[in-house]
Amino acid sequence: MLLQYYTVKNAGEHEIVIEKSKFVAQITRATTEEAAQAFIQEIKKKHWDATHNCSAYLIGEHNQIQKANDDGEPSGTAGVPMLEVLKKRDLKDTVVVVTRYFGGIKLGAGGLIRAYGKAVSEGLNAIGVVERRLMRVIHTKVDYTWLGKIENELRSHPSFILKEIHYLDMVEVETYVAEEMKESFVDWMTELTNGQAEIFEGETEYLETDV
């Protein structure tokens, strides 16, 4: 698993108009080629009356799966420039379809390359990109008398991120901690609670933050 990577924040769409042609970028996450193809087919069905539904996707930790489709536009003028934007933004597990409704003015090869690239770039800016960082969830069980102090310290700590608090017989605090900082966290929490806390490791999860 990658320790860190970038992907689109969520599914969304963004429309621009260039020389009277409407370009609609529709972007989502996809972790398999089947999911990417299903999204493309869904968009094609939705925009069955469009002039073109061009697509591109990058999938896999090392971008093992890369596909671009011009859907009737001149070869290399749509899918490839769309894919290049995804690569330039260093995104992973991302699929985009740009739907074009022709407005009557031909753009030429260079104009098409710029238009499809711009549609994807502006679409990503509008929808948003996130960094996904692999973190370890560490559980701290302690008496309720320590909760206020722990919560205050965690909320102001630059490296440890409060995930969740469970109010059980004892309070249980879940914290996101980078793998390389696990020992530092245990030492810090032990000192903070005068050795009164029970601390144990949980699962790994991706923590998402806006870029």
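**Salt bridges across the fold**

Glu201 is partly exposed, with 46% relative accessible area. In this predicted model, Glu201 pairs with Lys182 in a salt bridge whose closest N and O atoms are 3.3 Å apart. Lys182 belongs to helix H5 (residues 182-192) and Glu201 to strand E10 (residues 198-210), so this contact ties together parts that are 19 residues apart in sequence. The two residues are also members of a network of salt bridges that links Arg136, Glu179, Lys182 and Glu201.

Because Lys46 sits in helix H1 (residues 33-46) and Glu13 in strand E2 (residues 12-18), the pair connects parts that are 33 residues apart in sequence. Glu13 has a relative accessibility of 48% and so counts as partly exposed.

Lys44 is the partner of Asp71 in another salt bridge, at 3.8 Å from N to O; the pair therefore meets the criterion, which asks for a nitrogen within 4 Å of a carboxyl oxygen. Lys44 lies in helix H1, while Asp71 lies in the loop between strand E5 (65-69) and helix H2 (79-88), so the contact ties together parts that are 27 residues apart in sequence. Both side chains fall in the partly exposed class: Asp71 has a relative accessible area of 25%, and Lys44 has a relative accessibility of 27%.

In general, side chains of opposite charge can pair when their charged atoms come close.

Note on methods:
Residues numbered from 1 in each chain as written. Predicted model: local features only at pLDDT ≥ 70, side-chain atom pairs only at ≥ 80, totals over all residues. Heavy atoms only, no water. Helix = DSSP H or I, 4+ residues; strand = E, 2+ residues; numbered from the N terminus. Buried < 20%, exposed > 50% of the residue type's maximum accessible area, 1.4 Å probe, protein only. Salt bridge = Lys/Arg side-chain N within 4 Å of Asp/Glu carboxyl O.
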